[in-house]
Structures are given as structure tokens and as C-alpha cells.
Amino acid sequence: MSLQQDLEKRSGNKCELCSATNNLAVYDVKPTITGGGGMDGSLLACEICITQIENSEEMDANHWRCLNDSMWSEFRAVKVVAWRMLSRLRNEGWPKDLLDMMYLEDDDLRFAKETGDHLDESEKIIHRDANGAILQAGDSVVLIKDLKVKGSSMVAKQGTAVRRISLDHENAKYIEGKVGPTQIVIITDYVKKMAEKE
């Protein structure tokens with residue numbers, strides 16, 4: 001069975017966030033490097049939910065009252081997205097009450113915090129590539145110069161693609177990613193964000 005079929009079976013062919021039954025698709029919870037993807041890191045969601053998850057400007061707070069039910073899901077991906085959306089909406093009042101009731105295991109909470117939805121805009125650290133483009137967890141970048149990897153004789157060559165990066169939440173200049181089998185820290189000044197199709 002495909003992932004979509006597995007998720008349809010798990011959810012009873014309903015959006016796992018709002019219970020809608022039409023325009024359903026698999027949503028991989030970002031960043032996939034730390035837990036998204038597969039049954040554990042994906043959920044079945046409707047077009048309305050996915051659009052609002054990916055575009056904060058299109059948020060309709062009333063739509064997310066559905067989280068009153070879905071936040072109690074036994075599935076990690078559903079809980080993580082519910083926590084993120086409630087965190088984004090916490091200034092509305094009612095989402096803060098739901099967040100106070102919600103419990104996530106430490107690993108799930110770390111995963112939920114990866115996107116920074118729980119931070120106020122002034123607290124968020126923005127990672128930018130050499131051209132000033134904003135980098136997000138899960139993006140792919142390309143090195144724009146040869147980089148010596150500290151603690152090894154390896155040199156990461158200019159033009160090397162680093163896929164599914166993760167962000168350092170304390171330093172806007174640092175990202176992490178794999179070059180070959182090695183996980184390395186890279187300074188954002190030396191990378192360029194890759195377009196989705198590259």
C-alpha cells in the first residue's frame with residue numbers, strides 16, 4: 001500500500017486536523033530531516049488546512065477550532081501540527097487555553113519547535129543565504145565556495161548540493177546538513193538556496 005492509502009485507512013478518509021472529507025492530500029511535516037516523512041511524520045490533510053499551514057497570511061483562526069479535537073490524536077504528526085498551529089494563534093486567547101492542556105513527549109516537542117511557530121516575531125532568528133533569501137528547515141542549498149570541514153581532512157567542494165538542511169535556533173549564521181555521509185555545520189554566507197526544481 002502507498003503512504004496515501006495507509007493514511008486514508010488511518011484517518012478514515014478524513015482530514016486528520018479538521019475532519020473534512022474532500023481535497024485530501026498527504027502532508028509531510030517539516031523539517032523531514034528530524035522526523036517528518038513516512039507514517040510517523042505525515043498526515044492526511046485537506047487543501048484548506050495545508051494552505052493555512054504553509055501560508056501564515058491566510059490563517060483563519062475560526063477554522064482551527066477543530067484542533068480542540070485533533071490535538072488529542074495518538075499520532076505524532078497530527079499532535080505536532082496541532083501544537084504548531086495553536087502556538088501561531090495563541091494571541092487569539094482560546095488557543096492558549098488548549099496549548100496549556102496539551103502534552104507532548106520531549107522528542108515530539110523538540111520536533112514541534114523546529115519551525116519556530118512558538119516564538120514571537122521579534123524572537124525569531126532568520127537564516128538568510130549569501131543572496132539574502134530566507135532559508136527554512138528542509139530547504140536545499142548549494143555551496144558557493146570550497147569549505148574545509150573542521151576536524152577532518154575533507155573539503156566540501158563549491159557546487160555541492162546540501163539537501164534538507166536544519167537550522168541552528170540560536171545563531172542565524174549556522175545551518176546543518178549532510179555532505180556525503182557527514183553531518184556538518186555550514187555558515188549561511190557560503191550557501192545559495194536552491195530552487196525547488198533544481
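How many bridges join β9 to strand β10 (residues 174-179)? Two bridges connect these strands, which run antiparallel; helices (H or I, at least four residues) and strands (E, at least two) are DSSP runs, numbered from the N terminus. The structure is a predicted model, in which local features need pLDDT of at least 70 and side-chain atom pairs count only at pLDDT 80 or more, while totals for chains, interfaces and linings use all residues. Residues are numbered from 1 along each chain as its sequence is written, and side-chain values use heavy atoms, with hydrogens and water left out.

Within β10, Ile-175 is the bridge partner of Leu-167.

Strand β2 (residues 42-46) is largely enclosed by the rest of the structure, because five of its five residues are buried (under 20% relative accessible area, with exposed meaning over 50% and partly exposed in between; 1.4 Å probe, protein chains only). Both faces of β2 are covered, with Ser-42, Leu-44 and Cys-46 buried on one side and Leu-43 and Ala-45 buried on the other.

Cys-46 has a relative accessibility of 3% and counts as buried. Its sulfur is 3.6 Å from the closest cysteine sulfur, in Cys-18, and this is too far for a bond. Cys-49 is likewise buried, at a relative accessible area of 0%. For the sulfur of Cys-49, the closest cysteine sulfur is that of Cys-46, at 3.7 Å, again too far for a bond. With a disulfide defined as a pair of cysteine sulfur atoms within 2.5 Å, the count comes to zero disulfides.

In helix α6 (residues 106-113), the residues Asp-108, Phe-111 and Ala-112 are buried. Viewed down the axis of α6, the buried residues fall within an arc of 100° and therefore line one face of the helix; the arc is that of the directions from the helix axis to the C-beta atoms. The exposed residues Asp-106 and Arg-110 are carried on the face turned away from this buried side. Among the elements covering the buried residues of α6 is α4 (76-88).

Helix α3 (residues 67-70) contains Ser-70, which is buried at a relative accessible area of 7%. Not counting residues up to four places away in sequence, Ser-70 touches Glu-16, Leu-17 and Val-78, where contact means heavy atoms within 4.5 Å.

Note on methods
Two strands pair if DSSP finds at least two bridges between them.
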